[in-house]
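Me: I would like a close look at one helix pair in this model.
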Amino acid sequence: MNSAATLAELAAGLAARDFSSVELTRFYLERIERLDATINSFITLTPARALEQAAQADQHRQSGNVAALSGLPIAFKDIFCTAGVRTSCGSRMLENFIAPYDATVVERLQQAGMVMLGKTNMDEFAMGSSCETSYFGAARNPWDQERVPGGSSGGSAAAIAAGFTPAALGTDTGGSIRQPAALCGISGLKPTYGRVSRFGMVAFASSLDQGGPMARTVDDLRLLFGAMAGFDPKDSTSVPTAQATGTEPSSDAPRSLTIGLPREYFAGLADPELAGLYQDARRALEQLGHRFIDVSLPHTDVAVPTYYVIASAEASTNLSRYDGVRYGHRCADPKDLTDLYERSRSEGFGSEVKRRILTGTYALSIGYFDAYYLKAQRVRRAIRDDFLRVFATVDALLTPTTPTTAFPLGQISDPVEMYQQDVFTVPASLAGIPALALPCGFKAGLPVSIQLMGPHFSDLQLLEVGSAYQTRTDWHRRVAPMPE
Amino acid sequence: MAGILSKERLCYCAAFAQFAMKIVRQDIEKLCSLARLALEENEQSQVRNDLERIIAMIDAIGSVATDDIEPLAHPLDATARLRADEVTEYVDRDTLQQSAPATRNGLYLVPRVID
């Protein structure tokens with residue numbers, strides 16, 4: 001069995017009876033147990049449940065009842081609630097939390113017959129861009145184990161790149177699917193806000209959070225997205241399916257699209273090697289019949305500060321639920337209720353989470369609310385309107401996904417410097433538009449990635465463009481140097 | 001930071017950096033109290049330093065003219081969906097309380113609030 005196989009290839013292998021789902025699941029579990037001690041991409045492994053689900057999938061196959069994803073393994077970022085299995089969110093606060101229900105996307109993928117291998121490592125409460133803020137220790141990048149896999153869905157990205165699973169789910173609030181996908185050389189989609197249910201996803205910043213698929217190829221993302229997207233009455237921000245049909249590809253013939261190159265994303269690009277790789281990506285897309293024009297998104301430079309006001313404000317509100325009373329960490333021997341709250345929260349949260357809570361508290365407090373939170377919401381509209389304006393003339397946008405390749409563990413200790421990792425990914429989050437990260441080459445042995453963004457609900461069109469791109473390139477088929 | 005912000009915005013931030021610093025020095029204890037966080041002595045100065053830098057960074061939003069722009073709370077400008085006022089969920093208290101730190105007779109236990 002090949003640890004770099006795609007979901008589509010493994011589905012073909014299952015259909016041809018080359019191997020069973022139980023054999024496939026054992027293969028990945030054995031590989032994780034042997035090699036994940038250094039990568040640390042999983043927080044919890046669920047071998048018993050996985051083998052049970054695999055056996056069920058094999059049984060269904062025997063009786064001729066087979067869905068496309070049936071019997072294929074997947075890993076869930078440890079932010080998705082899984083009934084009976086710990087959901088830690090990378091935090092001491094939820095170290096012993098067992099959710100009483102499954103997240104909607106977990107339920108949907110399991111109903112489609114997928115096999116859960118385990119729960120992947122992440123920055124604490126999804127706050128980080130390196131996977132170093134995890135209470136369970138940093139995850140490492142399979143391309144260079146002295147470097148970070150990115151974050152916050154770093155465990156999911158590293159697990160795929162290391163050949164521990166063919167697919168995983170991540171969540172993206174300001175780049176947490178796209179940036180780790182970029183740094184680990186895999187593909188990842190942040191869907192349009194509201195298209196994938198947030199029910200059962202531990203909340204960070206509710207107006208930005210969006211779950212999405214991560215895999216080696218865009219074709220695999222498409223398979224997963226098809227099974228997980230769609231209206232969910234349990235999520236009040238879920239978009240009714242009738243409204244979720246935007247720019248969908250209408251025929252099999254690939255359309256010729258006009259793709260914009262926002263000059264603000266390339267202005268500070270000083271590295272000729274990266275510039276060359278982005279040029280190559282553009283050329284490959286031109287060969288597929290797409291046309292490029294220069295465009296401008298003038299508010300790009302204030303996207304990071306706007307994001308850190310809104311995301312921190314929403315986080316400080318969402319995380320007020322961790323009070324040491326109903327679930328989560330509780331301090332020993334509280335002397336009164338205030339002491340219970342303060343010590344439980346201070347012991348349960350790590351330093352990055354505390355920074356965000358305090359930043360958000362500041363932005364929401366009396367005297368600053370108008371100057372920060374309300375102001376940021378106004379700038380957010382200006383940022384979104386930049387996109388709406390250019391999407392009147394272009395079908396999609398091509399940009400770098402990240403400013404740099406994977407950086408060494410421990411290199412970035414200044415939080416403000418770390419926040420700049422998100423410079424190319426937060427604008428799409430603020431605007432709620434879909435964005436796809438694709439491998440486009442290597443620099444000094446480390447993966448480089450491009451990002452395609454499109455109008456609201458153009459997710460399938462982006463996937464179509466990305467899929468065609470991957471017929472012209474083989475960067476997504478490169479395999480990280482892991483022992484077999 | 002410097003790599004991405006325009007020159008005008010950098011000037012704006014520099015002018016406000018000192019202002020932001022003063023706010024944080026005065027208010028750090030107040031913020032912790034509002035957020036129900038208790039910082040250790042050795043965390044205090046690091047947190048204060050980080051917050052000063054973060055606030056100086058977010059102050060860049062002040063440079064955008066937004067007089068005619070309405071705040072955007074939801075990226076699709078949507079409002080909360082309403083549903084029929086019917087009971088559809090039933091609380092299974094025993095299951096929900098399995099993750100609680102301390103309960104008795106179905107009640108959550110906390111330190112004495114009223115003497």
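How do H7(A) and H16(A) run relative to each other, roughly parallel or roughly antiparallel?

Reply: This is a predicted model, with local features needing pLDDT of at least 70, side-chain atom pairs counted only at pLDDT 80 or more, and totals for chains, interfaces and linings using all residues. Residues are numbered from 1 along each chain as its sequence is written, with chains lettered from A and ligands numbered from 1 in the order written.

H7(A) covers residues 218-228 and H16(A) residues 459-472 (helices are DSSP runs of H or I, at least four residues, numbered from the N terminus). Their packing angle is about 155 degrees, and their axes are 8 Å apart (axes are fitted to C-alpha atoms over the stretch in contact; angles run from 0 to 180 degrees between N-to-C directions). The two helices are therefore roughly antiparallel (over 145 degrees; under 35 is roughly parallel, 65 to 115 roughly perpendicular, the rest oblique). H7(A) crosses H16(A) left-handed (the near helix is turned anticlockwise from the far one by less than a right angle).

From H7(A) come Val218(A), Asp219(A), Leu221(A), Arg222(A) and Phe225(A). They meet Asp459(A), Leu463(A), Gly466(A), Ser467(A) and Gln470(A) of H16(A) (contact: C-beta atoms, placed from the backbone, within 7 Å). By type, this contact holds 4 nonpolar, 3 polar and 3 charged residues (Ala, Val, Leu, Ile, Met, Phe, Trp, Tyr, Cys and Pro are nonpolar; Asp, Glu, Lys and Arg charged; the others, Gly among them, polar).

Elsewhere in chain A, Met214(A) touches residues including Ser153(A), Ile160(A), Leu169(A) and Ile186(A), leaving aside those up to four places away in sequence.

Note on methods:
Two residues are in contact if their C-beta atoms, placed from the backbone, lie within 7 Å.
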